[in-house]
Amino acid sequence: MRFPYSETVLEHFRHPRNVGKIENPDGKATEGSPACGDMVAVYIKVDPKTNTIADIKFESYGCASNIATGSIITELAKGKTLDEAKNISWKEASEALGGLPKLKVHCSVLAVEGLRSAIQNYEERHGLVKEQKPTTVEVVRQRLKKVINPLTGLNVVRTNLVKDIEIKDGTVRVLVDVPQDHQFAHAIKEDITERIEPLWDVKKLVVEFTE
Amino acid sequence: MLGRVVYLDNAAATRLDERVLEAVRPYFFDTYAVATSEFGYSQGIEAREALDGAREAIASALGAAPEEFIFTSGSTESSNIALKGVALALDKKKDKHIIVSKIEDFPVLHSSQALEKQGFQVTYLDVDGDGFVDLDKLRDSMTNETILVSIQHANQEIGTIQDIEGIGHICREKGVLFHTDATHTFPWVPLDVKRIPVDLVTVSAHTIHGPKGIGGLYIRQGTQIAKWVDGGFQEFNLRAGLENIAGAVGFAKAVELITPEETKRLQEMRDRLIDRILAEIPNSTLNGHRWRRLPQNANITFHFVEGESMTLHLDMRGFAVSTGSACFSRSLEGSHVIFGIGGDHERTHGSIRFTFGRYNTMEDVDAVVQALAEIVKELRSISPLGKNREKEEG
């Protein structure tokens, strides 16, 4: 049989590690939603003496690459300090899995995000983060680097698809350089919405496409 | 596991029947000439006779005259010719309005969108929770400018069979042409153009154990339709291109091999699959109508799990199915059909389509239900969704 995934991905898909929920976790986060096609929840227990991840578990509603990345990320993070774990990149996870198909990058980024958000959640709960910063064009740009163009497997900022970002009175306007009827226009729009709408001071998001 | 592949994606493509292969073989090696007129050379005349014979057989299965049926490269082309050909023929006389249902397959949907770009108005009719078009809504959406209604015979994903007779009568009453995409019904579900007021019917061989790359379009005598593929004068000067005689012969043979007994057998497999899954796998929902559906189609959502994961697990165990999940599709969009019947993202992503064919058995049904029960349970155990479900699952 021929599968589009590496042996390692399939192995983690078949037998995901550290699956489940931690009761009373020190930090937890859910990334994605059924709307974006994938969802991942990450739970951590932190050893306050060493500031390391003592235990980590994940749950996934998603495709094979989402499940496999969730699995590998828990393996990579376990025992690491919070700062080390925060810096685990999608690339490291992907390499540990023996690569992922371009089309599936966006599903796997979620798991990496989930880990970071769970750590952030721990830091927020323990008073380890500063005040909320207002949303600027730069903040939006950084967030859009998480939106993957399914055609290339690269983010939409890097591939110059984001033509313009405008912020006015809580309304964020993003101009994307693909035609409205492009095969992936809808998927890209939903992904952008997922990233930008949750920002605390964003009231409205408008995604526009070029002709 | 059965130790062999259980193929349950027969709506997408089917295994060729050996008898079809035998029927077409001579047209590759012996009678490979172009179909000539009756004043051509012997091999060309034989080719012409084979083509005419195939045309007559398929037309008669639809209750049509041979001159009312043209061969095409498949249902995509047939639907393109129907929509664009009618639009091109009629747009000068009237002001351009077309009605289609929201859950049509891509050839009709995307042809409509292409026509919109040319200035046509298109109404995309809503369907109800089972996928049915409301006849009153259809009547209400017609205007003096309406030139064509295109509503499928049965849905490609959820199998719901429309009341095309009722739709046809409304179109006839209003003097509007009616096209139906019968790719998934012909000839399993009878469609007699003598009884049903339909003007254009798309059919194809790829769903009935015939060859790929051959389909056809019924065009009622007198229907105004412009030539869409230009070239020679083939197919009554409506569709140019060297005739695919082997394909046509194979298509006719495939039609001939379908019997009411087979339809009944497919329906029994479908019913056993639906009944067992709904009874044995909690939180599963049937998509489409329970009875007014294709005999070979079942489509079920398994809540709290995502379709690509299910299909990959099934594939690893030797089962081929398809899903409405965005992860499975080329556009990363969930099925427009499940959304169309009011489903949310979760219902769409967790939907699996099972379509049976000639080479499936009851043993396949039981094996896939068994495999699914295990896979769904496993994937739910790692899913963050639907955590209150434990109660129901015990």
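Modeller: Before we start, the domain bounds here come from an automatic or database domain assignment. With those bounds, chain A of this predicted model is divided into domain 1 (7-125) and domain 2 (137-210). Taken over C-alpha atoms, the centres of the two domains are 24 Å apart.

Colleague: What makes domain 1 of chain A and domain 2 of chain A count as being in contact?

Modeller: Contact means heavy atoms within 4.5 Å. By that rule, 13 residues from domain 1 of chain A and 11 residues from domain 2 of chain A take part. Between them, the two domains bury about 880 Å², with 56% of it on carbon and sulfur atoms.

Colleague: Which residues of domain 1 of chain A lose the most area to domain 2 of chain A?

Modeller: Those are Lys102(A), Leu103(A) and His106(A), which together make up 42% of what the domain 1 side buries.

Colleague: How many salt bridges and polar contacts are there between these two domains?

Modeller: A salt bridge needs a side-chain nitrogen of Lys or Arg within 4 Å of a carboxyl oxygen of Asp or Glu, and the count between domain 1 of chain A and domain 2 of chain A is zero. As for the elements, strand S1 (27-33) and helix H5 (105-125) of chain A each give two or more residues to the domain 1 side. H5(A) has the largest share, six residues. By class, that side divides into six nonpolar, three polar and four charged residues.

Colleague: Let's move to the two chains. What is the area buried between chain B and chain A?

Modeller: It is about 2,500 Å², and carbon and sulfur atoms give 66% of that. In residues, 27 of chain B are in contact with 33 of chain A.

Colleague: Why is the pair Lys117(B) and Asp181(A) called a salt bridge?

Modeller: The closest N and O atoms of Lys117(B) and Asp181(A) are 2.4 Å apart, and the cut-off is 4 Å, so the pair qualifies. The count between chain B and chain A is two salt bridges, along with seven residue pairs in polar contact, both at pLDDT 80 or more. On the chain B side, helix H11 (307-316), helix H13 (345-349) and helix H14 (362-381) each supply at least two residues. H11(B) gives the most, with six residues. The side of chain B that touches chain A has 10 nonpolar, eight polar and nine charged residues.

Colleague: How do you know whether Ser309(B) is buried or exposed?

Modeller: Buried means under 20% relative accessible area. Ser309(B) has 1%, so it counts as buried. This residue is in helix H11 of chain B. Leaving out residues up to four places away in sequence, Ser309(B) touches Phe13(A), Gly62(A), Cys63(A), Ala64(A), Ile67(A) and Leu379(B).

Colleague: Now for salt bridges within a chain. Why is Glu11(A) with Arg17(A) called a salt bridge?

Modeller: The closest N and O atoms of Glu11(A) and Arg17(A) are 3.5 Å apart, and anything within 4 Å passes, so this pair is included. A search of the whole structure finds 38 salt bridges over all chains.

Colleague: What makes Glu11(A) and Arg17(A) fall into their accessibility class?

Modeller: Partly exposed lies between the 20% limit for buried and the 50% limit for exposed. Glu11(A) is at 31%, so it is partly exposed, and Arg17(A), at 24%, is partly exposed as well.

Colleague: Where do Lys264(B) and Glu268(B) lie, and why do they get separate accessibility labels?

Modeller: Both lie in helix H10 (residues 260-280) of chain B, four residues apart, about one turn of the helix. Lys264(B) is at 54%, so it is called exposed, whereas Glu268(B), at 37%, is partly exposed. Elsewhere in chain B, salt bridges that share partners join Asp17(B), Arg19(B), Glu262(B) and Arg358(B) into one network.

Technical notes. Residues numbered from 1 in each chain as written. Chains lettered and ligands numbered in written order. Predicted model: local features only at pLDDT ≥ 70, side-chain atom pairs only at ≥ 80, totals over all residues. Heavy atoms only, no water. Buried area = accessible area lost by both parts, 1.4 Å probe. Polar contact = N/O pair within 3.5 Å; in protein donor to acceptor, adjacent residues only side chain to side chain. Nonpolar A, V, L, I, M, F, W, Y, C, P; charged D, E, K, R; others polar. Buried < 20%, exposed > 50% of the residue type's maximum accessible area, 1.4 Å probe, protein only.
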